[in-house]
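Reader: I am new to this structure. Please pick one part and take me through it slowly. Then show me how that part sits in the whole.

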Amino acid sequence: VQCHARNEHFSFVDCTCSFVKKIHRICSEHNEANERAKRETGKDDRFLAVLGSPVHPEVVGFLSRFKGKKVVFGNAAEAEALLGEDPTLTDGSLTPVLVAQTTQNIIEWENTKKIYNLNFKCPYIYDTICSITDSRQTEAAELARKCDHVVVIGGRDSSNSAKLYAICRSICAD
């Protein structure tokens, strides 16, 4: 945007996935609300909770849009453990804003939502898993049940590929 302001011949197309943009918006809006609360009361009133990998670029992007307290966990068991380890999360002073990396497993997400609904009165919970990703994971599991061998082709550092591999591997030994 700044380059275009300086040079009218420069242009760009934002190709960010719409699911990821949604999470950016959620984090930014809750950050603004948190900042308002801090100005009015002197303290934050919410924290960001993310089911995902803290080093994944997508998650790094969400985290950059929220300036308050943040927690990232890889599965529902880790989410529950974090709540037990950090009393500032469950003392009632902060309301969680729960989102998931778009490629997360839907079962882990559902289990995580249950934990947050049990531990908090009115958590902000946003279903942010990509429906296409969920469909591909379901299809991969169905194929793995029918096949003797499964080959997952994808990027070595790809969260999608890693999750598809883990799903297939848990069902099909080869």
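**A helix pair and its surroundings**

Author: Start with helix α7 (residues 131-146) and helix α8 (residues 159-171), which pack at an angle of about 30° with their axes 8 Å apart. Helices here are DSSP runs of H or I with at least four residues, strands are runs of E with at least two, and both are numbered from the N terminus. Axes are lines fitted to C-alpha atoms, for helices over the stretch in contact, and angles run from 0 to 180 degrees between N-to-C directions.

This is a predicted model, so local features need pLDDT of at least 70 and side-chain atom pairs count only at pLDDT 80 or more, while totals for chains, interfaces and linings use all residues. Residues are numbered from 1 along each chain as its sequence is written, and side-chain values use heavy atoms, with hydrogens and water left out.

Back to the pair. α7 and α8 are roughly parallel to each other. That word covers angles under 35 degrees; over 145 is roughly antiparallel, 65 to 115 roughly perpendicular, and the rest oblique. The crossing of α7 and α8 is right-handed.

From α7 come Thr-133, Arg-136, Gln-137, Ala-140, Ala-141, Ala-144 and Arg-145. Facing them from α8 are Asn-160, Lys-163, Leu-164, Ile-167, Cys-168 and Ile-171. Contact means heavy atoms within 4.5 Å.

Take Thr-133, which sits in α7. Its relative accessibility is 8%, so Thr-133 counts as buried. The cut-offs are under 20% relative accessible area for buried, over 50% for exposed, and partly exposed in between (1.4 Å probe, protein chains only). Leave aside its neighbours within four places in sequence, and Thr-133 touches Thr-102, Thr-103 and Asn-160. Asn-160 belongs to the α8 side of the helix pair.

Next, Cys-168, another residue of the α8 side. Cys-168 is buried, at 6% relative accessible area. Cys-3, by contrast, is partly exposed at 37%. The structure holds zero disulfides. A disulfide would need two cysteine sulfur atoms within 2.5 Å.

Now step back to the sheet. The sheet is open, with four parallel-paired strands in the order β2-β1-β3-β4. Its edge strands are β2 (70-73) and β4 (124-125), each pairing on one side only. Strands pair if DSSP finds at least two bridges between them.

Go through the pairings one at a time. β1 (residues 46-51) and β3 (residues 95-100) run parallel over six bridges. Here Leu-48 stands opposite Val-97, and Phe-47 has Pro-96 as its bridge partner. Four bridges join β1 to β2, again parallel. In that pairing Val-50 faces Val-72. β3 and β4 are parallel too, over two bridges. Val-97 stands opposite Tyr-124 there.

How covered are these strands? β3 is mostly covered, with five of its six residues buried. Along β2 the side chains alternate.

α6 (residues 106-119) lies across β1, β2, β3 and β4, running at about 175° to β3. α6 also has a helix partner: the axes of α4 (residues 76-85) and α6 come within 8 Å and cross at roughly 25°. That makes α4 roughly parallel to α6. α4 passes α6 in a right-handed crossing. Ala-76, Ala-79, Glu-80 and Leu-83 of α4 make the contact with Glu-108, Asn-111, Thr-112, Ile-115, Tyr-116 and Asn-119 of α6.

Last, the whole chain. The protein chain has eight helices and four strands. From the N terminus on, they run α-α-β-α-β-α-α-β-α-β-α-α. The C-alpha atoms fill a box of roughly 60 × 55 × 20 Å along the principal axes. Of the 174 residues, 36% are buried. Among contacts between residues at least 6 apart in sequence, 65% join residues at least 24 apart.

Terms used
Left-handed = near helix turned anticlockwise from the far one by under 90°.
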